[in-house]
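Hi there,

Here is the structure I promised to send you. Have a look at it first, and then read on for what turned up in it.

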Amino acid sequence: MSQFAYLVRCGDGSLYAGYSPDPLARLAAHRAGKGARYTRGRGPLTLAFAQAMPSRGMALRREAALKKLPRAQKLALCEGWKNERLSLARAEDAPAIRQLYGWYVEHSAATFATSLPGGEEYARWVTESAAAYPFLLLKDRTGRLLGFACAHRWKEREAYAWDVETTIYLAHDAAGAGRGRRLYGALLALLELQGVHNAYALVTIPNPASEGLHRAMGFAMQGVQPDTGYKNGSWYGLGTWGLVLRPADGAPAPVVPFPQLDDAAVRQVLALG
Ligand SMILES: CC(C)(COP(=O)(O)OP(=O)(O)OC[C@H]1O[C@@H](n2cnc3c(N)ncnc32)[C@H](O)[C@@H]1OP(=O)(O)O)[C@@H](O)C(=O)NCCC(=O)NCCS
């Protein structure tokens, strides 16, 4: 079951931070005066922000961080949550995803790719990726793509069946406002529901924003390959970052292909995460 950190807006304008596997049920409890002493008598109460997390521990840590955020930052998160929506990628989204990613192929070493696949090949890659793991998009109200996050099998050998490599890219003018956390939280929560055990990310050195995001989401740096890629006139290293989604405790259940995941659980993460 996914976990969520959330903010409830009270009638007096204050924002209360909590965590729950079901923020809407929790909101009902707050409204009934049973959620928390703070929210009692402060109605009307509305859900102002929620963020999916792959574990209770991570949702608790996010709740603690939300409580400490300055009010202006809490309000900015609420604004984004209201105006930007998570969705699953479809074939018709491929041109926008390709365009967003293409900027990094050309201008950045965040990806070691130096050329962009053609439109048809890219669309095939999107639909094949989405058939195995969540391929998440974040769009604004006009339908503009702000970012995407997806996962692929880490290695093909059978024993790696419980491991994925995660990928995330925001539009180059959309970074630094909590969208990375939002997309990654939802992606990791859904991967955990599928039964994935380990998420790995390959992060260019240097890439402070990506390192910051992975650290914030609980990943740990597990290894470094110095000066392993040459792009746009410079050499770059690569860090392998890892996050344990499920502990290595006995024989693992098979990973559920994403399209077979419980629909209600997926809808909950997309609607609230
Ligand atoms: C990496 C990326 C996805 C992060 O998304 P984002 O929306 O900018 O990150 P968020 O605002 O959600 O911040 C997440 C955490 O990272 C930290 N962070 C973000 N940008 C940072 C920066 N430039 N330097 C240091 N830390 C940074 C934040 O402090 C935050 O931690 P906190 O909430 O505990 O303060 C985004 O910057 C991006 O798309 N970059 C270009 C593509 C890329 O590098 N993709 C990853 C390839 S491995």
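Asp227 sits in strand β9, which covers residues 220-231. Its backbone is worth a look: phi of Asp227 is near 45°, a positive value in a residue that is not glycine. Please keep in mind that this is a predicted model.

While you are looking at the backbone, there are two cis peptide bonds to visit. One joins Ile205 and Pro206, with omega at about 5°. Pro206 belongs to the loop that runs between β8 (198-205) and α7 (208-216). Another cis bond leads from Gly43 to Pro44, and its omega is near 0°. Where is Pro44 placed? You will find Pro44 in the loop between α1 and β3.

Now zoom out to the whole protein. It contains 8 helices and 10 strands. Its radius of gyration is 19 Å, close to the 19 Å that the globule rule gives for 273 residues, so the protein is as compact as a globular protein of that length.

The chain is divided into two domains: domain 1 takes residues 1-69, and domain 2 takes residues 84-272. Their C-alpha centres are 27 Å apart. How many residues of each domain are in contact with the other? On the domain 1 side there are 15, and on the domain 2 side there are 13.

A word on how such an interface is described: its size is often given as the accessible area lost when the parts come together. Here, domain 1 and domain 2 bury about 1,200 Å² between them, and 63% of that is on carbon and sulfur atoms. Which three residues supply more than any other three of the area that domain 1 buries against domain 2? They are Ser2, Ala52 and Pro54, which together supply 36% of that area.

What holds charges or polar atoms together across this interface? The count of salt bridges between domain 1 and domain 2 is 0, while 2 residue pairs are in polar contact there. On the side of domain 1 that touches domain 2, α1 (23-31), β3 (46-53) and α2 (56-68) each supply at least two residues. β3 gives the most to that side, with 5 residues. Sorted by class, this side of domain 1 has 11 nonpolar, 2 polar and 2 charged residues.

Salt bridges do turn up when the whole structure is searched: the count is 9. In one of them, the side chains of Lys139 and Asp93 meet at 2.9 Å, N to O. Why does this pair tie together parts that are 46 residues apart in sequence? Lys139 lies in strand β5 (residues 136-139) and Asp93 lies in the loop between β4 (85-88) and α4 (94-107), so the pair links those parts.

Enjoy exploring, and write back with any questions!

Best wishes

Terms used. Residues numbered from 1 in each chain as written. Predicted model: local features only at pLDDT ≥ 70, side-chain atom pairs only at ≥ 80, totals over all residues. Heavy atoms only, no water. Domains from an automatic or database assignment. Contact = heavy atoms within 4.5 Å. Buried area = accessible area lost by both parts, 1.4 Å probe. Salt bridge = Lys/Arg side-chain N within 4 Å of Asp/Glu carboxyl O. Polar contact = N/O pair within 3.5 Å; in protein donor to acceptor, adjacent residues only side chain to side chain. Helix = DSSP H or I, 4+ residues; strand = E, 2+ residues; numbered from the N terminus. Nonpolar A, V, L, I, M, F, W, Y, C, P; charged D, E, K, R; others polar. Rg over C-alpha atoms; globule rule 2.2 N^0.38 Å.
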